[in-house]
Amino acid sequence: MERRDVLAMLSELASLTTLEEESPQSFKVRAYENARQALEGDARNPADLSATELAKLKGIGKSTASKIREFVDTGSVAKLDTLRATYPPSVVELSRIPGLGPKTLKLIRSELGVEDVESLKAAIDSEKLRTLPGLGATSEAKISKAIDRLGLAGKDRRTPIADALPLAERLVDDLRRVDTVVDVAFCGSLRRFSETVGDIDITVAATDGSLVMEAVRNHIEANDILLSGDTKTSFLTAAGLQVDVRVVAPAEFGAATMYFTGSKAHNIALRQRAIDRTSILNEYGLFEIGEDGETGALLASASEAEIYEALDMAFVPPPMREATGEVDAAAADELPELVEVSHIRGDLHYHTDRSGDGRSTLAEMVAEAASKGYEYLAITDHGEDLAINGSNREEMLEHREAIRALDVDYPDMTLLYGCELNIGPKGGLDYDAEFRALFDYTVASVHSHFDQSQDEQTARLVAAIADPTVNSIGHLTGRYIGRRPGIEIDVDIVLEALFTFDVALEINGALQRLDAASSVVRRAVDRGVKLVINTDSHHTSELGRMEYGVLTAQRGWAPRDQVVNTWPHDEFMEWANHRRPQP
DNA sequence: GCCGTTTTCGGCCCGACTGTTTTCAGTCG
């Protein structure tokens, strides 16, 4: 039993209970969501915990603890089975239709006998929906339209960050140019750097909101306007991605971005903290509460920093705002000193056109790195086992001479002759041990054989980690977010091996990868595994990915001193060399 | 369903937009 199985069980329990209770605000639903969050914020595998230990976690009580044990011990939960019988998959699918909430769903089931999308379509065609209380012809048409684009824009549809981020940045740039606009920021799960997002949330500070709303409605990307009022417009892009734009007064921008960045659970925790201090927090600011319960004087609103300060807590960086312990830590001023882009002193997974998939020359790539002010740089072109992209021994040795020659031109930056080793199906590596010992630094990665069993994949990685010529493991699972799942591994065993052999775990900044994932990073941080944040650049335009790697690291609570490429040159070199056999 | 130096019972975050309403319910974030 894996932790993700337990988390998935709790998610399903929450969503089916939403239907049962006819409200996503139901306290039971909240309780299941909180329980899930409590487990996410705990490094241990929930399957290894007793009911008593589970109930000790904040947010998990006796009832949910016993359900988790029941699930771990028997593979099912009676309560969940009962809910599944009442809400079969066809009904759950109905609940995914935007605009069709639990109350309406119950109504159409009991009054019209609608049990699936087909029978709902039939009820719409025969104009039966409009006969129900609270529904009319307009609602009927809206739901009909929502069904038509269900595959494109269901409620649980997720978009990979690699698709959403460029679009969000474009929208922000365009809105910045609208008259009376003072500031614009994308918020939501995208700002928290979640690897997939359900929508794009954009907050605009402007003195005239109507101009902004008009600009949004007329934007080239606004394919289908879902709603548009004085302060809020939502639309779908042609690809079916929902974009929500909110406009606020400039003085409220901090409160608004904070509110729309979330997460929902983080916001709830902050609001609770506000209430505990006789104040109220909403998207317009933090306000005093008077004796009479009326909203009183404004305490903070213009910037997020001043609101956190007014709540008497440390500023929480957006990637950490997931209610997995950061609120309590910030209140106690015990947040870790997170790694930041400015701390990075080198890139250690870096290609040139020596690799078949590299597109810039060695000289171009090195010059670009030098412009970042890096102190060291590992050139890690592919080893020979990656048939199309790799280099044989002769080519590698020539490459080494070129790197050594170029190194002379960069007195402030050390160029390392490196390699991206390919981890074979059984954990084998390129060349032989003697030849590999010639490299100054290596990153070993999986590029093929994605369909082996979890045990085989785990063993394969452990074998590579144990090799003394390996400094780091690149893009841990080989996933492409939303497109290819990556290999299945036993994370705990791999982390244990990384720790034991003192090999660094890469956080790959390519948006399609973000691998190791932030959830794995958090566990690695807890286990004391060293981290390295890389761009895996194949072209001079890709060095900016470092920011994405850093945000992923922050999401995993990675402290600066645990990331080896924040270390000063000498300290880093000592670590890089300490287990390498000297040729 | 969870929680507690005011509580083992009575609370539990807050607001925008829409449609079908004459003051509010449902949905969503």
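Chain A comes with 25 helices and 17 strands. Its radius of gyration is 26 Å, close to the 25 Å from the globule rule for 583 residues, so chain A is as compact as a globular protein of that length. Keep in mind that this is a predicted model.

**Overall build**
- Laid along its principal axes, the C-alpha trace of chain A spans about 80 × 60 × 50 Å.
- As for burial, 43% of the 583 residues of chain A count as buried.
- Take the contacts in chain A with a separation of 6 or more: 66% of them come from residues 24 or more positions apart.

**The sheet of 5 strands**
- Here 5 strands make an open sheet, and reading across it gives β2-β4-β7-β6-β5, with mixed pairing.
- The edges are β2 (181–186) and β5 (224–228), each of which pairs on one side only.
- Ignoring direction, neighbouring strands of this sheet are turned by 20° against each other on average.
- Inside the sheet, β6 (residues 232–236) and β7 (residues 242–248) run antiparallel and are joined by 5 bridges.
- If you want one residue pair to look at, S234 has D244 in β7 as its bridge partner.

- Another open sheet has 3 strands in the order β8-β9-β10, and its pairing is antiparallel.
- Its edge strands are β8 (279–282) and β10 (295–300), and each pairs on one side only.
- From one strand to the next, the twist averages 35°.
- β9 (residues 285–289) pairs with β10 in the antiparallel sense over 3 bridges.
- Within that pairing, the bridge partner of I289 in β10 is T295.
- Helix α15 packs on this sheet, where it touches β8 and β9. The direction of α15 makes about 155° with that of β8.

**Around DNA strand B**
- Helix α15 turns up again here: spanning residues 264–276, it gives the most to the surface near DNA strand B, with 5 residues.
- There are 43 residues around DNA strand B, and the ones that come nearest are G61, G101, T104, G136 and G229.
- Sorted by class, the surface near DNA strand B has 19 polar, 12 nonpolar and 12 charged residues.

- L551 sits in helix α24 (residues 545–555).
- L551 is buried because 26 other C-beta atoms lie within 10 Å, and the cut-off for buried is 20 or more.
- Setting aside neighbours within four places in sequence, L551 is in contact with F193 and P319.
- L551 and A255 are 296 residues apart in sequence, and their C-alpha atoms are 22 Å apart in space.
- E395 belongs to helix α19 (residues 393–407).
- With 13 other C-beta atoms within 10 Å, E395 is partly exposed, since a residue counts as exposed at 12 or fewer and as buried at 20 or more.
- E395 and E384 are 11 residues apart along the chain, and 9.6 Å separates their C-alpha atoms.

Definitions and conventions. Residues numbered from 1 in each chain as written. Chains lettered and ligands numbered in written order. Predicted model: local features only at pLDDT ≥ 70, side-chain atom pairs only at ≥ 80, totals over all residues. Helix = DSSP H or I, 4+ residues; strand = E, 2+ residues; numbered from the N terminus. Rg over C-alpha atoms; globule rule 2.2 N^0.38 Å. Contact = placed C-beta atoms within 7 Å. Pairing = 2+ DSSP bridges. Axes fitted to C-alpha atoms, helices over the stretch in contact; angles between N-to-C directions. Near = placed C-beta within 6 Å. Nonpolar A, V, L, I, M, F, W, Y, C, P; charged D, E, K, R; others polar.
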